Amino acid sequence: MATTRSDRAFVDKFPHEAAIVKATFLVAFVALGIGAFFGLIQALHRTNVLRVIESADYYTMLTGHGVLLAIVFTIFFLCGVFHWAVARSLNRPAESRLFSWAWVGLMTTGTVLTTVAILGGLVPNLGMSADVLFTFYAPLQAHPLFYIGLAMFIVGTWLAGADWFLSYRAWRANNSGERIPLQTFMVLTTMIMWYVSTIGVAVSVVFFLIPWSLGLIESVNPLLTRTLFWYFGHPIVYFWLMPAYLMWYTVLPKLAGGRLFSDPLARVVFLLFLLLSTPVGIHHQYLDPGIAEGFKFIAMTNTMFLLLPSLLTAFTVVASMEHGARQRGGKGYVRWLGALPWRDPAFTGMALAGAMFAAGGFSGMINAGMNINYLIHNTLWVPGHFHLTVGTAVALTMMAGSYWLVPQVTGTKLYSRPIGLLQVIMWFVGMVFMSNAMHRAGLAGIPRRTAEPQYQNFEFLTPIGSIFELRVQIALGGTLLFLSVVLFLFNILLTSLGDESDRPVDAALPEPLSGPEGSPRILDNLAMWTGIAALLVILAYTLPLAGIIQNGGGLFGGGLPVPATLSAGLDFVVVTVSSAFNTLLGVIA
Ligand code: HEM
Ligand SMILES: [Cu+2]
């Protein structure tokens, strides 16, 4: 039977959902353009190649870069992908159009407020500044607008999650006993992780940072706001990654000409991330005084467990690609790689992003080791690492995925495949230069987060090559990356302006080789997994938080006493939990 367009294009079947996806992608891409421009300015400024801003304005740029790329671009894009994935995999529209527009509107308004607060720092005499970087913990303080916008943005994401849960509930009412479709399963587990982890940042922003920036309270406990930030700051890493994983698991095998290797394995991976991604945040605080070494050690052990789902992913995704290549006639142990559709920018971009993620995983293991972390802490190594992970594994997957997704929501064909291919390759090459040089610069001790990395009367030394050569590589890589973003935005703009097409893209997703039927039903018991995740968080954080509040001058720092009742309560928690631990240890021994 000939297929008509309405069998095919997402936009015809779900016009309202497509409009939401388009809106979220639009905000994401605007943020990408501005953020990448700031990135270029930083890369050229730090390396002393070209200086168009005052060094005093560097933090304003860097805050804009971090917030617009790591928070706005990634999360708006995620919302679009998730909205598409839920409607597609449940095969039903969202429950309420108004509700969907409400969260898009709230997130967008929050983004605008926060961006205004940041960029206000560039306008002299405005008295507004928010140079607090995307990590925004005390003692750096921003204009209240920054935090208020941020709070609106986060509440917006909560509502977005509610939208998807409502769809799921409505679907469940007509499909009792069925397995949750894989893409929806991925969305829901990711959102549960997000709810658990954003509690930390919500408490920090609403109870401490907003009142403090408004002058309602005099001081905060900086270590507490840092710890609450990192409580959320590691899981956000998985929040960035999960939409990329969703595409690697469910879209990439199809683009490769094959099918997903195993549906149950994908479910296990998402559950492991739900369980393990929050109780590890302290691994960002190995150098913080005020947190006992033992807690840092526990965070390190949990972190190493997180390697498991990442390795499972590498295995499943590569196996699915190999299956695709063999379907296309690929042979041999490695020769099958040649049979993959390397001319397709969506495929090539995602595959290159995955390859870079492997490299990022290796440098991540170094970050995660408590003692070896001292070597690279706060050096340029760290941005070198996360431009491979969020900056490429996530960002490049999102750009490459757009070549396949955007036509589905606009109903137009991709403007140019060759430009798309050039774009993803340029990103890869640019990142090889920039990230590799950043890693090496970090090993030489060059600090991150500064416009003036050069100390006076001091020479950085590298075992091989030279500091000059590293600077050139960073500047060159940064320029290629920026040009790559320009090509991307150009291609997407012309795509969306193009003529309607009958079949903008082959959107069908094949069934996995091994489906969910035989796998344990308990995998789909979301309530139980949420409970376990919450329990692990309580175990990992109660004692460290109690210690930070007690030893750090109370909830509000600055020597302000903790109200007596609260302090007694905390003492009680500490004593009970530690004696429970001791008893447990006694029993085991
Ligand atoms: C045009 C492409 C890009 C260029 C040229 C670029 C360049 C840079 C440079 C040079 C720094 C280090 C600044 C310093 O520590 O002094 C930096 C930091 C950073 N970049 Fe990028 N970057 C790009 C894309 C991205 C993307 C796509 C993301 C995430 C999705 C990202 C996220 C970040 C973050 C979170 C920081 C750390 C900010 C901070 O320390 O507070 N960048 N970038
Ligand atoms: Cu982390």
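Student: Is Asn378 buried, partly exposed or exposed?
Tutor: This is a predicted model, in which local features need pLDDT of at least 70, side-chain atom pairs count only at pLDDT 80 or more, and totals for chains, interfaces and linings use all residues. Residues are numbered from 1 along each chain as its sequence is written, chains are lettered from A and ligands numbered from 1 in the order in which they are written, and side-chain values use heavy atoms, with hydrogens and water left out. Buried means under 20% relative accessible area, exposed over 50%, and partly exposed in between (1.4 Å probe, protein chains only). Because its relative accessibility is 46%, Asn378 counts as partly exposed.

Student: What is the phi of Asn378?
Tutor: Most residues other than glycine have a negative phi. Asn378 is in the loop between α15 (373–376) and α16 (381–410); helices (H or I, at least four residues) and strands (E, at least two) are DSSP runs, numbered from the N terminus. Asn378 is not a glycine, yet its phi is positive, at about 60°.

Student: Is Phe136 buried or exposed?
Tutor: Phe136 is in the loop between α5 and α6, and its phi is also a positive value, near 35°. Because its relative accessible area is 3%, Phe136 is buried.

Student: How much space lies in the largest cavity?
Tutor: On a 1 Å grid over the protein atoms alone, a cavity is a set of points where a 1.4 Å probe fits but cannot get out, and lining residues have an atom within 4 Å of a point. Grid points are joined across faces, edges and corners, and a volume is the space filled by probe spheres set on the points. The search finds 3 cavities of 30 Å³ or more, and the space in the largest is about 50 Å³.

Student: Which element gives the most to the lining of the largest cavity?
Tutor: The lining includes Val67, Gly110 and Phe153. At least two lining residues come from each of α4 (58–90), α5 and α6. With 4 residues, the largest contributor is α5.

Student: Which element gives the largest share of the lining of the second largest cavity?
Tutor: This cavity holds about 40 Å³ of space, and Phe136 is one of its lining residues, as are Trp194 and Phe232. The largest share, 3 residues, comes from α6.

How values were computed
On a 1 Å grid over the protein atoms alone, a cavity is a set of points where a 1.4 Å probe fits but cannot get out, and a pocket is an open set with protein on both sides within 12 Å along at least five of seven lines; lining residues have an atom within 4 Å of a point.
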